[in-house]
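The sequence and structure come first.

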Amino acid sequence: MIIVLKQNSDEKQLSHLTDWLTAQSLDIQMIKGSHSTVLGLVGDTSVVDIELLEALDIVESVKRIQEPYKKANRKFHPDDTVINVGGAQIGGGSFTIMAGPCSVESEEQICSIAQSVKDSGATVLRGGAFKPRTSPYAFQGLRADGIELLLEAKEKTGLPIITEIMDISQLPLFKDVDIIQVGARNMQNFELLKALGKQDKPILLKRGLSATISELLMSAEYIMAGGNEKVILCERGIRTFETATRNTLDLSAIPILREKTHLPIIIDPSHATGIAAMVKPMSLAAVAAGADGLIIEVHNDPPHAMCDGQQSITPESFDKLSRQINALHSAVKEMY
Ligand code: PEP
Ligand code: MN
């Protein structure tokens, strides 16, 4: 339920109202937007008498939220959420480019890619340390050592880092990681989501391979319900009958999510297509469709990458693409 307050409402009356709602075991979130102030109520709102609320001097209107996600709902929080990570702003009109290898392979590899993507305009470094692989015989990532190497690259370049967590037990290793990534395969690992809800750092939540948009939002709600509202959504392609690409990039998820939620929306064209040559057209399409950013796999030697070389672009291609992305974003941003 949301209560929209009249402009310049009396502080004393407002505190009476919040005390009364709190006494009914409701969790209140006050959101001061640019146009109005709203109180978002989470909990059993069936106990609230809407007519009584509407009759109050300071109340403009009262609406029930039908959707099962509340904190992630744009009705609850009309303005875009903006997340600050090491100087980079994610959401709210800026465009964020995260880039780096699928997996961290060595100190030399991660530090040199980090420097080149930074020079080309990326503001977040990606790199997998714990890798979810289809085969147990495939490279599983450098694990704790991989995180150490990412931290070294962070120290050298100043770039904040994003890396994937696969299990709650790994959390202590993520202490100095700037953004924790929840991979597609873990989107509905509810115990992990609950644990991340207790963290005070941004979480990039990838859409599951066969998850609907509303399931993605419910997973974001799990994290937010625990108290962590810094959630970034990521569309990375879904499973369809099409086999020409690794997955099918659901670009229509961008405008749908934009309407339903205030959370930033990032597109991963690398996992969505599985083909390096398709990263450019799909990145540009995502910009045109109104995404808040991209996460792109970049490798200095794609044919010899230990993971996902076929979809990784070189630092040189990334440099060109990054400029094209920014030029296109400048042209389209006024249209949204
Ligand atoms: C990744 O980003 O390295 C990854 C494994 O992605 P996804 O979870 O989208 O498959
Ligand atoms: Mn990958």
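## Barrel

Which strands form the closed barrel, and with what pairing? The closed barrel has eight strands in the order β7-β8-β9-β10-β11-β12-β13-β14, and the pairing is parallel. On average, neighbouring strands of this sheet are turned by 30° against each other, with direction ignored. Strands of a sheet pair through backbone hydrogen bonds, in either the parallel or the antiparallel sense. Here, two strands count as paired if DSSP finds at least two bridges between them. Helices (H or I, at least four residues) and strands (E, at least two) are DSSP runs, numbered from the N terminus.

Four bridges link strand β9 (residues 161-165) to strand β10 (residues 179-182) in the parallel sense. I165 has V182 in β10 as its bridge partner. Helix α4 (residues 144-157) packs on the sheet and touches β8 (124-126) and β9, its direction making about 170° with that of β9. Contact means heavy atoms within 4.5 Å. Axes are lines fitted to C-alpha atoms, for helices over the stretch in contact, and angles run from 0 to 180 degrees between N-to-C directions.

## Basis of the model

The model is predicted: local features need pLDDT of at least 70, side-chain atom pairs count only at pLDDT 80 or more, and totals for chains, interfaces and linings use all residues. Residues are numbered from 1 along each chain as its sequence is written, chains are lettered from A and ligands numbered from 1 in the order in which they are written, and side-chain values use heavy atoms, with hydrogens and water left out.

## Domains

The domain assignment divides the chain into domain 1 (2-63) and domain 2 (83-335); such bounds come from an automatic or database assignment. The domain centres, taken over C-alpha atoms, are separated by 37 Å.

S9 sits in the loop between β1 (2-5) and α1 (11-22). S9 is buried at a relative accessible area of 19%, where buried means under 20%, exposed over 50% and partly exposed in between (1.4 Å probe, protein chains only). Its side chain reaches the backbone oxygen of K6 at 3.2 Å.

Five of the five residues of β14 are buried. G293, I295 and E297 point one way from the strand, while L294 and I296 point the other way. Strand β7 (residues 96-100) runs parallel to β14 and is joined to it by five bridges, with T96 opposite G293. Strand β13 (residues 265-267) also pairs with β14 in the parallel sense, over two bridges; I266 has G293 as its bridge partner.

The relative accessible area is 1% for E297 and 12% for D308.

## Surroundings of H262

H262 lies in the loop between α7 (253-260) and β13 and is buried, at 2% relative accessible area. The H262 side chain reaches the backbone oxygen of K71 at 2.7 Å. A polar contact of 2.7 Å also joins the side chains of H262 and T81. A polar contact is a pair of N or O atoms within 3.5 Å; within protein, one must be able to donate a hydrogen and the other to accept it, and residues adjacent in sequence count only if both atoms are side-chain atoms. Not counting residues up to four places away in sequence, H262 touches residues including N73, R74, H77 and M224.
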